Amino acid sequence: MPSQGTVLVTGGAGFIGSHTCVALLDAGWAVVVLDNLSNSSAVAVERVEELSPGDLTFHRVDLRDRAAVGAVVDERPIDAVIHFAGLKAVGESVVDPLRYYSNNVVATVTLLEVLREREIRDVVFSSSCTVYGDPANVPVAESAPLSAASPYGRSKLFIEEIFRDLAAAEPGWRVLLLRYFNPVGAHQSGRIGEDPHDVPNNLMPFVMQVAVGRRDRLTVFGGDYPTPDGTCIRDYIHVEDVAAGHVAALDALDRIEGCQAVNLGTGTGSSVLEVVQAASKAVGADIPFVIGARRPGDVVATWADPSLAEELLGWKANRTLDDMCADHWRWQSTNPDGYR
Ligand code: NAD
Ligand code: WQD
């Protein structure tokens with residue numbers, strides 16, 4: 001397939017990054033991965049190459065190392081950048097905020113300075129539904145008020161503001177801020193997936209580690225919320241749909257001007273108990289759980305209004321919660337210890 005161009009993918013060894021690399025290679029892009037492997041494994045990159053042989057190069061580089069980032073960008077002409085690299089553990093960000101501001105915000109400024117020097121101005125950035133804080137209305141549209149409840153969330157909000165300021169100050173930047181809801185699942189092959197290095201903070205990886213026997217049971221954080229079954233509601237989205245959203249976003253950059261935020265969600269909410277039920281069906285066994293205390297800071301219910309993504313990117317999610325659980329289980333059961 002003829003090359004669509006070359007895209008620099010920061011954080012390309014990570015969960016969403018690795019799936020996106022497969023989708024980009026499948027679509028005919030040449031891919032340059034830049035990752036310091038602080039929360040990922042080089043094996044993920046090898047498996048990306050196995051799933052979609054193509055033009056991929058990998059550089060183990062920290063984004064804050066300006067000279068090293070410049071050297072990667074100077075190695076070959078870069079047409080666009082997808083910027084995934086960052087830390088994402090909400091609790092850790094509360095304990096060590098400077099690490100988050102350095103690794104997420106400072107690193108992004110360094111990247112943008114390197115890009116500006118070379119007149120590379122097409123960027124797709126990994127933002128998050130966390131920038132909506134506790135939304136007053138659901139489904140949440142991009143025009144909803146923004147706020148943040150943790151240093152992690154603020155790092156995303158600051159980066160969004162930096163992009164908005166930059167695009168307002170300098171013509172030529174074309175930036176899509178993709179606000180993901182809750183990416184879960186794994187590549188359908190079961191060869192790549194999410195591999196949390198510590199105890200998972202997120203629901204689906206925890207559920208799947210219980211299913212595979214690495215943990216005894218799930219604690220459901222709160223069973224007395226004002227929702228139909230008393231548990232919180234989220235918009236879970238298959239990581240392969242998220243990956244496809246990035247390919248669509250790159251194609252859409254030609255059609256936008258300045259900086260634009262776009263939700264990547266399904267538009268449907270599922271409760272914690274609905275996820276447990278769907279996971280049990282995929283696994284073929286009950287997932288043991290207990291109802292515990294509420295987790296401080298949890299939003300009760302949120303899901304996306306995904307209509308702008310369809311309008312602007314021509315993209316919409318089409319995989320179901322059952323697909324997410326089946327694919328996540330295929331990855332977890334065939335790689336019980338992740339990439340180790
Ligand atoms: P991940 O941790 O699997 O991937 C992030 C990658 O970035 C890792 O490979 C890590 O090694 C790399 N990295 C981190 N700091 C770096 C640095 N300074 N230099 C170079 N590489 C660095 O996480 P993910 O789930 O794939 O998330 C990707 C992006 O999407 C993140 O920015 C995250 O905040 C955002 N996001 C994730 C979710 C989610 O639920 N997974 C939701 C919304 C937004
Ligand atoms: C989902 C639901 C928990 C674990 C995170 C980030 C946020 C954004 C989206 C990145 C909640 C419940 C969880 C467990 C449980 N990511 N749960 N037992 O809360 O939407 O937020 O992902 O930008 O910043 O914080 O996702 O997967 O942590 O939780 O009951 O062991 O599962 O209370 O209701 P969340 P999550």
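Trainee: How far is a polar side-chain atom of Asn 202 from an oxygen atom of ligand 2?
Mentor: It's 3.2 Å, with a polar contact being a pair of N or O atoms within 3.5 Å. This is a predicted model, where local features need pLDDT of at least 70 and side-chain atom pairs 80 or more, while totals for chains, interfaces and linings use all residues. Residues count from 1 along each chain as its sequence is written, chains are lettered from A and ligands numbered from 1 in written order, and side-chain values use heavy atoms, without hydrogens or water.

Trainee: And what about Tyr 152 and Asp 298?
Mentor: Tyr 152 has a polar side-chain atom 2.5 Å from a ligand 2 oxygen. For Asp 298, a side-chain N or O atom is also 2.5 Å from an oxygen of ligand 2. The protein covers 88% of the 690 Å² of accessible area that ligand 2 has on its own (Shrake-Rupley, 1.4 Å probe).

Trainee: How many residues surround ligand 2?
Mentor: 18, with Ser 128, Phe 221 and Arg 234 among the closest; each has a heavy atom within 4 Å. Strand S8, residues 218-221, gives the most, four residues (strands are DSSP E runs of at least two residues, helices H or I runs of at least four).

Trainee: Switching topic, at what angle do H7 and H11 pack?
Mentor: About 55°, axes 10 Å apart, for H7 (203-211) and H11 (321-334).

Conventions: Polar contact = N/O pair within 3.5 Å; in protein donor to acceptor, adjacent residues only side chain to side chain. Axes fitted to C-alpha atoms, helices over the stretch in contact; angles between N-to-C directions.
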